[in-house]
Amino acid sequence: MGAYPDVKDFIDSKATDFPTLKTTYTRGAPPTIKLKDKNGKDLDSIRIDSWNKDTIVDFFKERLA
């Protein structure tokens, strides 16, 4: 996660604000948000490697409200 300081900062300081958010690390993979429905079916996959921490927070506030 060292290559993505904003993503790491979000995980370390803000991820707990979103109780339905689950974090999984995949070595060598870019940071990606995978949206799923209530049954666990994949809906969308969005790369966030260029997002800053505030953008990530805003995204989850909008989508997980």
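Pro 31 sits in the loop between α1 and β1, where helices (H or I, at least four residues) and strands (E, at least two) are DSSP runs numbered from the N terminus. With a relative accessible area of 10%, Pro 31 is buried; buried means under 20%, exposed over 50%, and partly exposed in between, using a 1.4 Å probe and protein chains only. From Pro 31 to Leu 64, 33 residues along the chain, the C-alpha atoms are separated by 18 Å. The model is a predicted one, in which local features need pLDDT of at least 70 and side-chain atom pairs count only at pLDDT 80 or more, while totals for chains, interfaces and linings use all residues. Residues are numbered from 1 along each chain as its sequence is written, and side-chain values use heavy atoms, with hydrogens and water left out.

Tyr 4 turns up in the segment before α1. At 24% relative accessibility, Tyr 4 is partly exposed. Tyr 4 and Ser 50 lie 46 residues apart in sequence, and their C-alpha atoms are 8.2 Å apart in space.

Now for the inside. The largest nonpolar core holds 13 residues, and Phe 10, Ile 33, Ile 48, Ile 56, Phe 59 and Phe 60 have the most contacts inside it. Such a core is a set of buried Ala, Val, Leu, Ile, Met, Phe, Trp, Tyr and Cys residues joined through side-chain atoms within 4.5 Å. At least two core residues come from each of α1 (5–13), β1 (32–36) and α2. The biggest giver is α2, with four residues. In soluble globular proteins, nonpolar side chains tend to be buried together.

Helix α2 (residues 53–63) also has a charged side to its story, giving three residues, the largest share, to a negative patch. That surface patch is made up of Asp 6, Asp 54, Asp 58 and Glu 62. Patches take in residues with over 30% relative accessible area and no salt bridge, joining like charges within 9 Å and nonpolar side chains (Val, Leu, Ile, Met, Phe, Trp, Tyr) within 5 Å. Accessible areas come from the Shrake-Rupley method with a 1.4 Å probe, and for residues only the protein chains shown count as cover. Asp and Glu count as negative and Lys and Arg as positive, with His and the chain ends not counted. The place of a charge is NZ of Lys, CZ of Arg, CG of Asp or CD of Glu. Glu 62 belongs to helix α2 and is exposed, at 66% relative accessibility.

Then there are the charge pairs. The structure holds four salt bridges, each a side-chain nitrogen of Lys or Arg within 4 Å of a carboxyl oxygen of Asp or Glu. One of them joins Lys 8 to Asp 12, with the closest N and O atoms 2.6 Å apart. Both partners lie in helix α1, four residues apart, or about one turn of the helix. Lys 8 is partly exposed at 38% relative accessible area, and Asp 12 is exposed at 53%. Another bridge links Asp 42 and Lys 36 at 3.1 Å, N to O; Asp 42 is exposed, at 52% relative accessibility. Asp 49 and Arg 47 also pair up, at 2.7 Å, N to O, and Asp 49 is partly exposed at 28%.
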